[in-house]
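This briefing covers selected backbone and strand features of one model. Please consult the sequence and the coordinates alongside the points below.

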Amino acid sequence: MSNNINSRRNFLGGLGAITAAASAAAVSKVAMAALPEPVIQTRPDTMPPLVPNTGRPYNPVVTLNGWTLPWRMNKGVKEFHLVAEPVVREMAPGFTAHLWGYNGQSPGPTIEVVEGDRVRIFVTNKLPEHTSVHWHGQRLPNGMDGVSGLTQVAIQPGKTFVYEFVARRPGTFMYHPHADEMTQMAMGMMGTWITHPKGAHPLIAEVDRDFVFLLNAYDIDPGAYTPKIMTMLDFNLWSWNSRIFPGIDPLVVRKNDKVRIRVGNLTMTNHPIHIHGHEFQVTGTDGGPIPHAARWPEVTTDVAVGQMRQFEFLADEEGDWAFHCHKSHHTMNAMGHNVPTLIGVDHSGVAKQITELIPDYMVMGERGMADMGEMEMPLPDNTAPMMTGEGPFGGVAMGGMFSVLKVRKELKRGDYKDPGWYRHPQGSVAYEWTGKLAEPNRSKSAGGKSMPLQQKNQAEVEVQVRKPTGKMHHE
Ligand SMILES: [Cu+2]
């Protein structure tokens, strides 16, 4: 996590090091007369929570590899300024994508308000085509719902529209265009909206750490910068807030902190989000908080398309706990697909011969794919390796939707700095067995009483042989 707030342009500008808290409300008299000056973020780091210093107090969220949009208070109305524009997003170190987003990044900044707040959002369109913003999950006047053509005129390039409503319902919401959605969401236009409860709420617990991120997916050819927008299913980059492992920051929490994680899905498939070492309860959806009697413990929760799930747990086990999507193809990056299974195929000799013809030739997968995580394979420029990451015990061989929940005793309240790798207590790490191995005691009655092995007649075993037809591919 970076504490560099200088990368945020604040309303006053040029003041140098201004704190996140101060930038939330600092507005000059000149600015009051016009639109709020848009605040632009240029970095993909997880920014510290934006502590409010105007309006009702609340415990702010931390946006994973993201930030919260400062606002100005104008006669009792919270005013925000979103700018829809092309952005350059570093998805992982060494790999940047040319996306569309808001205020310098994809996803756009998180918007945080309090139940009952009057909100005004200025949306300026700097895209080459029209857009609109839909406020997913909000109770609002129909004409503020942001569906271009249906509830409003689309925002043409260069135009600024104003959305105004009262944040009536506390919860976790999303925002995204409702104009040329296929293109604009495939290009990364989305953001999160948090409406905090205005006081103690019977179903919304107070927590020590409150994280939020969106699930998104891209199809960017190795070596390319711009997503292919026509892709429906075969995405090759599975990201959290437009970051892929090892570019996703760890979720750093203090031992015995009560933790809430809010996850919204704006991809085109479901993602079973899985945490190690702890059980959680799903405490809310974008439809609102879940009654206590309807909650049950889980270690994985499926987040379907267009849904938000918020879950909570007590982080009472120290360590570096994997936290990831449980679809194994979603924890790898581009180039991992369309490779034939070669497990058990011996390539020795062949690779050497081919290398003489094609330098850099590499055989993939004869001992499984784990080698891929460690190989120094030449990649096209601007490409994330398929599986990578160096852990304290070797290659992690992951990509995509993978991060680490780091639970530590020694952290201070509000400290989100990466504490490094976990120091395991002596004797608490899986270790190699170096003693003798017993001979396996093989089962002699595989079918039990119903199909005793001894009575099976070998001659009755039928073998089907299918001859290749002319239509099959021959290697
Ligand atoms: Cu997934």
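Pro-107 is found in the loop between β4 (95-102) and β5 (111-114), where strands are DSSP runs of E with at least two residues, numbered from the N terminus. The peptide bond that leads from Ser-106 to Pro-107 is cis, with omega near -5°. This is a predicted model: local features need pLDDT of at least 70, side-chain atom pairs count only at pLDDT 80 or more, and totals for chains, interfaces and linings use all residues. Residues are numbered from 1 along each chain as its sequence is written.

**Loop between β12 and β13**
- Pro-246 also has its place in a loop, between β12 (237-240) and β13, and the peptide bond from Phe-245 to Pro-246 is cis, with omega near 10°.
- Asn-241 lies in the loop between β12 and β13 and has a positive phi of about 50° although it is not a glycine.
- Asn-241 is buried, with 28 other C-beta atoms within 10 Å (buried means 20 or more such atoms, exposed 12 or fewer, with C-beta atoms placed from the backbone).

**Loop between β2 and β3**
- Lys-75, in the loop between β2 (72-74) and β3 (77-92), has a positive phi of about 50° and is not a glycine.
- Lys-75 counts as exposed, because it has 7 C-beta neighbours inside 10 Å.
- Most residues other than glycine have a negative phi, and most peptide bonds are trans.

**Strand pairing**
- β22 (residues 388-391) and β23 (residues 394-398) pair in the antiparallel sense over three bridges; pairing requires at least two bridges found by DSSP.
- These strands, β22 and β23, form a hairpin with two residues between them, and Glu-390 stands opposite Gly-395 in β23.

How values were computed
Helices (H or I, at least four residues) and strands (E, at least two) are DSSP runs, numbered from the N terminus.
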